[in-house]
Amino acid sequence: MSEATIYRWERNETSAQIHHMPKIIKFVGYDPEPQPNNVAEALLAARRAHGWTRRQAAKAFELYESTLARVELGKGRRLAQKTLRKLTGFLGMRPTT
């Protein structure tokens with residue numbers, strides 16, 4: 001990354017692309033984003049920590065990309081229990097009922 005890129009991030013002119021996040025988290029020693037409060041926020045945090053696009057995460061979770069998007073955005077119907085268990089297991093969370 002260039003000095004100019006970091007300067008623009010600090011001034012909120014741009015933001016880091018998701019594929020940069022694993023190295024940023026490693027460099028600063030923590031994830032600078034707030035702690036997730038639910039499955040949707042935890043999924044986004046996990047994607048960011050791994051540097052995954054939504055497509056890459058959907059493949060890793062064996063989900064449709066549209067399903068993952070729906071979960072992250074908190075839209076649509078409830079997840080199937082099997083899918084919820086898979087996601088919460090990966091995230092180290094307890095499934096909600």
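**Labels and the values behind them**

Modeller: Let us start with Arg 48, which sits in helix 3, residues 39-50. Keep in mind that this is a predicted model.

Biologist: Why is Arg 48 called buried?

Modeller: Buried means under 20% relative accessible area. Arg 48 has 12%, so Arg 48 is buried.

Biologist: What is Arg 48 in contact with, leaving aside its neighbours within four places in sequence?

Modeller: Contact means heavy atoms within 4.5 Å. By that rule Arg 48 is in contact with Ile 18, Met 21, Pro 22, Ile 25, Asp 31 and Glu 33.

Biologist: Leu 44 is found in helix 3 too. Is Leu 44 counted as buried, partly exposed or exposed?

Modeller: Buried is under 20%, exposed is over 50%, and partly exposed lies in between. Leu 44 has 37% relative accessibility, so Leu 44 counts as partly exposed.

Biologist: How far apart are the C-alpha atoms of Leu 44 and Ser 66?

Modeller: They are separated by 14 Å. Along the chain, Leu 44 and Ser 66 are 22 residues apart.

Biologist: Now helix 2. Which residues of helix 2 are buried?

Modeller: Helix 2 covers residues 21-28, and its buried residues are Met 21, Ile 24 and Ile 25.

Biologist: What puts them on the same side of helix 2?

Modeller: The arc does. They cover only 100° around the axis, so they lie on the same side of helix 2. The face turned away from that buried side carries Lys 23, Lys 26 and Phe 27, which are exposed.

Biologist: What do the buried residues of helix 2 pack against?

Modeller: They pack against helix 1, residues 3-10, and helix 3. Just after helix 2, Gly 29 takes a positive phi of about 90°.

Biologist: Which residues of helix 4 are buried?

Modeller: Helix 4 runs over residues 54-61, and Ala 57, Ala 58 and Phe 61 are its buried residues. They cover an arc of only 100° around the axis, so they are on the same side of helix 4. Arg 55 and Lys 59 are exposed on the other side of helix 4.

Biologist: Which helices do the buried residues of helix 4 pack against?

Modeller: They pack against helix 3, helix 5 (65-73) and helix 6 (81-91). Just after helix 4, Glu 62 takes a positive phi of about 55°.

Biologist: Why are helix 4 and helix 5 called roughly perpendicular?

Modeller: Their axes cross at roughly 105° and come within 8 Å. Angles of 65 to 115 degrees count as roughly perpendicular. Helix 4 and helix 5 are therefore roughly perpendicular to each other.

Biologist: Which residues make the contact of helix 4 with helix 5?

Modeller: Helix 4 brings Arg 54, Arg 55, Ala 57, Ala 58 and Phe 61, while helix 5 brings Glu 65, Leu 68, Ala 69 and Glu 72. By class, the contact of helix 4 with helix 5 has five nonpolar, no polar and four charged residues.

Biologist: Why are helix 3 and helix 5 called oblique?

Modeller: The axes of helix 3 and helix 5 come within 7 Å and cross at roughly 120°. Perpendicular ends at 115 degrees, and antiparallel needs over 145. Helix 3 and helix 5 are therefore oblique to each other.

Biologist: Which residues of helix 3 and helix 5 meet?

Modeller: From helix 3 come Val 39, Ala 40, Leu 43, Leu 44 and Arg 47, which meet Leu 68, Val 71 and Glu 72 in helix 5. The residues of this contact divide into six nonpolar, no polar and two charged.

Biologist: Which residues touch the most other members of the largest nonpolar core?

Modeller: That core has 15 residues, and Val 39, Leu 43, Phe 61, Leu 68, Leu 87 and Leu 91 touch the most other members. Helix 3, helix 4, helix 5 and helix 6 each supply at least two residues of this core. The largest share, four residues, comes from helix 3.

Biologist: What does Phe 61 touch, not counting residues up to four places away in sequence?

Modeller: Phe 61 touches Leu 43, Trp 52, Leu 68, Lys 86, Leu 87 and Phe 90.

Biologist: How many helices and strands does the chain have?

Modeller: The chain has six helices and zero strands. Of its 97 residues, 32% count as buried. The C-alpha trace spans about 45 × 25 × 20 Å along its principal axes.

Note on methods:
Residues are numbered from 1 along each chain as its sequence is written. This is a predicted model: local features need pLDDT of at least 70, side-chain atom pairs count only at pLDDT 80 or more; totals for chains, interfaces and linings use all residues. Side-chain values use heavy atoms; hydrogens and water are left out. Buried means under 20% relative accessible area, exposed over 50%, partly exposed in between (1.4 Å probe, protein chains only). The arc is that of the directions from the helix axis to the C-beta atoms. Axes are lines fitted to C-alpha atoms, for helices over the stretch in contact, and angles run from 0 to 180 degrees between N-to-C directions. Angles under 35 degrees count as roughly parallel, over 145 as roughly antiparallel, 65 to 115 as roughly perpendicular and the rest as oblique. Ala, Val, Leu, Ile, Met, Phe, Trp, Tyr, Cys and Pro count as nonpolar, Asp, Glu, Lys and Arg as charged, and the others, Gly among them, as polar. A nonpolar core is a set of buried Ala, Val, Leu, Ile, Met, Phe, Trp, Tyr and Cys residues joined through side-chain atoms within 4.5 Å.
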